[in-house]
Amino acid sequence: MTASHPRHRRALAIPAGMAMATALAFLPNTAATAAPADTAPAAAPADATPLSYVVNVRGGHGTSAHVKKAIGKAGGTIVTSYDKIGVIVVHSSDADFAKTIRKVRGVQSAGATRTAPLPSAATTDMGTPEALSASEIARAESAAAEGQDPLQGLQWDLPAIKADKAHEKSLGSSKVTVAVIDTGVDDTHPDIAPNFDRDASVNCVSGKPDTSDGAWRPSAEESPHGTHVAGEIAAAKNGVGMTGVAPGVKVSGIKVSNPDGFFYTEAVVCGFVWAAEHGVDVTNNSYYTDPWYFNCTDDPDQKALVEAVTRASRYAERKGAVNVAAAGNENYDLASDEITDPVSPNDSTPSDRVIDPSECYDIPTQLPGVVTVAATGAKGLKSSFSNYGRGVVDISAPGGDSTAYQKPEPPATSGLILGTLPGGSWGYMAGTSMASPHVAGVAALIKSTHPHASPALVKALLYAEADATACTDPYDIDGDGKVDAVCEGPKNRNGFYGWGMTDALDAVTR
């Protein structure tokens, strides 16, 4: 049961009680150096349109004068250069730029990061979060248990991972920061402001960091996705609104989504490098890198994108960050021999293509070292939309599902996940976008408990402490008598749940 694919690919907006078939909304001071003045591009045809590129060279050194000169001669202008990982961001109006620059000595790979001109063409969201009404907030507040934040009763996801019990032991350390690499974070929200890390926040949309005040916030026209994710991770336990998985840790906003909602490679690379160099302990990545859902390494452009984001994510891990990512919302088996990708490239004209997911990668989700998270619903079953795959999915966490499929126990009323929304409100969303921040929050609790733990140790503890969950067999989530997905593997490492359900209580006690 494959859903449609608007531009926010890791979250769903599902009206409570409606079947998934009717829910088509996907919500989904660095090493940079400025380009020198002597890299002016060669003249381009008058009707040419500019594209953005990444050029990958040997890391650890400044861009050589030879490569700089070649970029200019090929019609490119250097936007910024991440010398430590050898990734250069370039703009060019020359259609042959990538082909030309790949032949240059010292260039290891190069490719266009998009198929539409700068700026990319806008598309239209097919849904919005389901915001809580004043009456719903009032009812929740009146029913709130002692010691809980007013809306916590609506958060069935917290007891599902024992976060409510964990909070009796620890809320997490304010010395730990989780970066939300996403559409931007509204740090003025009363549930986010107490825990916001301004120094680790930035706007990376252009491919180089913009540190102006508030640049990390979404505009009124932009997606609330990143703000929702931030609240799930670290909404303060402050007597206001909801409670995050790790309400004592810090959260930062690294904005990488442009106003049209696209997450392009140069922005994602900037985001990981910024996190690496600003003391971030965990990154949450609830998106895939546009415009290709899967990037195939036999294509020179897509190969360059994989290489650039791989270098950036590995750099962040080497500098101490655990990278957590959403598995995706198409009910794909990411361990299968082939998948039909009908949405790529999503910024121009997509077409059906059959890909091998062992050679074509969803980035950063399928990159080495990244924690890949599948979603579950209120009954603990794989969410109807969640991607899966033995050996690909590492762990599972609540991401919500239609109430028609998995209905929560009272006082919760929605099968979706409650989160913060820009402007000081709260609302429901669903998707693996919502599952990933639960794991990021638990990773932050582990880091709080073991402050000297390396990323490798934090990940080992994350998996060892997960509650093993056996395959759901048969998996007929909509009850129509047809199997909707097939789970493979043992209880402690299978395609639906990976090592199992993430466990916040173990994170603060073991």
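Me: Helices (H or I, at least four residues) and strands (E, at least two) are DSSP runs, numbered from the N terminus. With that in hand, in which helix is the place of Ser-433?

Reply: Ser-433 sits in helix α9. Before going on: this is a predicted model, where local features need pLDDT of at least 70 and side-chain atom pairs count only at pLDDT 80 or more, while totals for chains, interfaces and linings use all residues. Residues are numbered from 1 along each chain as its sequence is written, and side-chain values use heavy atoms, with hydrogens and water left out.

Me: Does Ser-433 count as buried, or as exposed?

Reply: Buried means under 20% relative accessible area, exposed over 50%, and partly exposed in between (1.4 Å probe, protein chains only). Ser-433 has 0% relative accessibility, so it counts as buried. A polar atom of its side chain lies 3.2 Å from the backbone nitrogen of Ala-11.

Me: Which residues does UniProt list for "active site"?

Reply: The UniProt entry, an unreviewed one, lists Asp-182, His-225 and Ser-433 under that label. They span 252 residues in sequence, yet no two of their C-alpha atoms are more than 10.2 Å apart, so they gather at one spot. (UniProt positions follow the numbering used here, feature names are shortened, and annotations may be inferred rather than shown by experiment.)

Me: In which strand is the place of Asp-182, and what does Asp-182 touch?

Reply: Asp-182 is in β9, residues 177–182, and is buried at a relative accessible area of 0%. Contact means heavy atoms within 4.5 Å. Leaving out residues up to four places away in sequence, Asp-182 touches several residues, including His-225, Gly-226, Lys-255 and Ser-286.

Me: How do I read a sheet? What is the order of the open sheet of three strands?

Reply: Strands of a sheet pair through backbone hydrogen bonds, either parallel or antiparallel. Here two strands pair if DSSP finds at least two bridges between them. The order is β8-β21-β20, with antiparallel pairing. β8 (130–131) and β20 (417–421) are the edges, each with a single partner, so one side of each has no neighbour in the sheet. Helix α6 (residues 225–234) packs on the sheet, touching β20 and β21, and its direction makes about 115° with that of β20. (Axes are lines fitted to C-alpha atoms, for helices over the stretch in contact, and angles run from 0 to 180 degrees between N-to-C directions.)

Me: Over how many bridges do β20 and β21 pair?

Reply: Five, and β8 pairs with β21 (residues 425–429) over two. In β21, Tyr-428 is the bridge partner of Glu-130, Gly-427 that of Ala-131, and Ser-425 that of Leu-421. The hairpin of β20 and β21 has three residues between its strands, with Gly-423 at a positive phi near 90°. Four of the five residues of β21 are buried, so it is largely enclosed by the rest of the structure.

Me: And cores? Which residues have the most contacts inside the largest one?

Reply: A nonpolar core is a set of buried Ala, Val, Leu, Ile, Met, Phe, Trp, Tyr and Cys residues joined through side-chain atoms within 4.5 Å. The largest has 65 residues, and Leu-151 and Val-371 have the most contacts inside it. Helix α9 (residues 432–449) gives the most to this core, nine residues.

Definitions and conventions. Polar contact = N/O pair within 3.5 Å; in protein donor to acceptor, adjacent residues only side chain to side chain.
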